[in-house]
Amino acid sequence: MTIQWFPGHMTRARRQIQDKLKLIDIAIELLDARIPLSSRNPMIDEILAGKPRLIVLNKSDLADPKVTEQWMAYFRSEGHECVSIDANTGTRIGDIVVKSKLLLHAKIERQISKGINPRAIRGLIVGIPNVGKSTLINRLAGKNIAATGDRPGVTKGQQWIKIGTEMELLDTPGILWPKFEDPIVGYRLAVTGAIKEEILNIDDIAFHAVKELCARYWPAMKERFDLDTPPKDLDDSDEIVRIMEEIGRRRGCLIGGGRVDFEKVSVIVLREMRAGKMGKISLEEPLTAMAHLSVPGKGEQE
């Protein structure tokens, strides 16, 4: 699968972010804790132009906690401060303000030494679509200010939101990059819901999800769908289809002649995985992801 998707509003969003950089003290990069590498936009490094950055792993409630700890250690080894949160429940979101102040401590101290009363920290929150930016802002602000949704592309414009007296955040639309050089990146983004399903084949997305889940979390798959035997060979597409057929028969997804309705199976698998009904799942770890995934390239420049 080759995905090339760069709507005009994403081009505008990139330019709007670049225009606002002079107003920004710190960038808060929001990633999906289940796929931190695949959900990391490589264009952001260029766009942010060396601004202090805090990496926030959101949806940690859905991710494997042991793997999330590995990712936090990885990002810290790369010189980035990192926190894991759950924006939906508000778990650990207070760490964002604390860590932001820590990263800007030297700047704040210089201002104080010059007799300047430090103003509220100005942060830019960035991330791909459907990673939870607006939900996080609403949690931090303590009220519904930013538009939210469970589908990518909800946030259309930019707005400043006050977070108490210590921080102001600029929300931005999610930005994907022009082209996914590694198809696995595209699949993982699709599996977790970062890409609109209308532009993809849902059966292909679910096929990849089943393959990944069988490889990483077979006990959870077996229990959730009452399955019998795991795939003998994960590279054998017939074996993955067999698992999907078994899921379909267990769930009654049948059409004429007793055949399995793969579209219904696909919807069930993706919906239940995204809702955490198979348990806490991560689709990539630092060592294997860096070894086997090519980091998405910057692609075509606008």
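Arg92 is partly exposed, with a relative accessible area of 38%; partly exposed lies between buried (under 20% relative accessible area) and exposed (over 50%), with a 1.4 Å probe and protein chains only. Arg92 has a positive phi of about 65° although it is not a glycine, and its place is in the loop between strand S3 (81–84) and helix H4 (94–103). Most residues other than glycine have a negative phi. Asp226, likewise not a glycine, has a positive phi near 55° and sits in the loop between helix H9 (218–225) and helix H10 (237–251).

The model is predicted, with local features needing pLDDT of at least 70 and side-chain atom pairs counting only at pLDDT 80 or more, while totals for chains, interfaces and linings use all residues. Residues are numbered from 1 along each chain as its sequence is written, and side-chain values use heavy atoms, with hydrogens and water left out.

The protein chain contains 12 helices and eight strands, taken as DSSP runs numbered from the N terminus (helices H or I, at least four residues; strands E, at least two). Of its 302 residues, 51% count as buried. Among contacts (heavy atoms within 4.5 Å) between residues at least 6 apart in sequence, 69% join residues at least 24 apart.

In helix H3 (residues 65–77), Trp71 and Tyr74 are three residues apart, and therefore separated by about one helical turn. An α-helix has 3.6 residues a turn, so residues three or four places apart point the same way. The 13 residues of H3 should span 18 Å at 1.5 Å a residue, and the end C-alpha atoms are 18 Å apart, which agrees; the expected span is 1.5 Å times one less than the number of residues. The buried residues of H3 are Val67, Thr68, Trp71, Met72, Tyr74 and Phe75. They cover an arc of only 160° around the axis, which puts them on the same side of H3; the arc is that of the directions from the helix axis to the C-beta atoms. On the other side of H3, Lys66, Glu69 and Ser77 are exposed.

Three aromatic pairs are found in the whole structure. Trp71 and Tyr74 form an edge-to-face pair, 5.6 Å centre to centre with 90° between the planes. Rings of Phe, Tyr and Trp (its six-membered ring) pair if their centres lie within 6.5 Å; planes under 30 degrees apart count as stacked, over 60 as edge-to-face and the rest as tilted. Ring pairs link Trp71, Tyr74 and Phe75 into a cluster.
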